Amino acid sequence: MSQKSPTRIPAHTRLFAVQLSATRRGARLARLLTERQLDAWGEPYEAAAHVVAELASNAVRHGRVLGRDFRLRLELRADRTLRVEVTDARGDRIPRVPDPVEEDAEGGRGLRIVEAYADRWGVTGAPAGAKTVWAELALA
């Protein structure tokens, strides 16, 4: 029998994760929880709150599957890099930055906002046909 050792997270890394309903209320709660968690860690939260708001909103609008939630995960590393991950149920819908939008358009700016605040971002596959959209921000 093979035993796997548990994943070890360095003591200087801080983690927060929560599963939220794939609703507008869940997306708003993701932003609020991010602000509160980073404040509790003594870190600035404005940029991260904008990134979480956009990624959570996209998870609710474009990644929702009836009866399935989305997950928010924050990882603050020792070098004060914050990794934000939002996992939704639609792995078949990969986000992309759209062509420039009209000034009066109602949508299409979310990933541009993420690009503006994050040092880098991307998408990875997740179990059960899901996907994780992540962004990393230097809080220094």
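Colleague: Which residues in α1 meet which residues in α2?

Modeller: In this predicted model, R24, A27, A30, R31, T34, E35 and L38 of α1 meet A48, A49, H50, V52, A53, A56, S57 and V60 of α2. Sorted by class, this contact of α1 with α2 holds nine nonpolar, three polar and three charged residues.

Colleague: At what angle do α1 and α2 pack, and how should I read that number?

Modeller: Angles over 145 degrees count as roughly antiparallel. Here α1 and α2 pack at about 155°, their axes being 8 Å apart, and the two helices are therefore roughly antiparallel to each other.

Colleague: Is the crossing of α1 and α2 left-handed or right-handed?

Modeller: The crossing of α1 and α2 is right-handed.

Colleague: How do α2 and α3 compare with that reading, that is, at what angle do their axes cross?

Modeller: The axes of α2 and α3, the latter being residues 110–117, cross at roughly 150° and come within 9 Å; by the cut-off of 145 degrees, α2 and α3 are therefore roughly antiparallel to each other. Their crossing is left-handed.

Colleague: Which residues make the contact of α2 with α3?

Modeller: From α2 come A47, H50, V51, E54, L55 and N58, and from α3 come G110, L111, I113, V114 and Y117. By class, the contact of α2 with α3 has seven nonpolar, three polar and one charged residues. H50 of α2 takes part here and is also listed in the contact with α1.

Colleague: Turning to pockets, which residues line the second largest pocket?

Modeller: Lining residues are those with an atom within 4 Å of a point of the pocket. For the second largest pocket these are R24, A27, R28, R31, A53, E54, S57, V60 and R61, and the elements giving two or more residues to this lining are α1 (24–40) and α2 (46–62). The largest share, five residues, comes from α2.

Colleague: How much space lies in that second largest pocket, and what is its lining by class?

Modeller: About 170 Å³ of space lies in the second largest pocket, and its lining has three nonpolar, one polar and five charged residues.

Notes: Residues numbered from 1 in each chain as written. Predicted model: local features only at pLDDT ≥ 70, side-chain atom pairs only at ≥ 80, totals over all residues. Heavy atoms only, no water. 1 Å grid on protein atoms, 1.4 Å probe; cavity = no way out; pocket = protein on both sides within 12 Å on 5 of 7 lines; lining within 4 Å. Points joined across faces, edges and corners; volume = space filled by probe spheres on them. Helix = DSSP H or I, 4+ residues; strand = E, 2+ residues; numbered from the N terminus. Nonpolar A, V, L, I, M, F, W, Y, C, P; charged D, E, K, R; others polar. Axes fitted to C-alpha atoms, helices over the stretch in contact; angles between N-to-C directions. Parallel < 35°, antiparallel > 145°, perpendicular 65-115°, else oblique. Left-handed = near helix turned anticlockwise from the far one by under 90°. Contact = heavy atoms within 4.5 Å.
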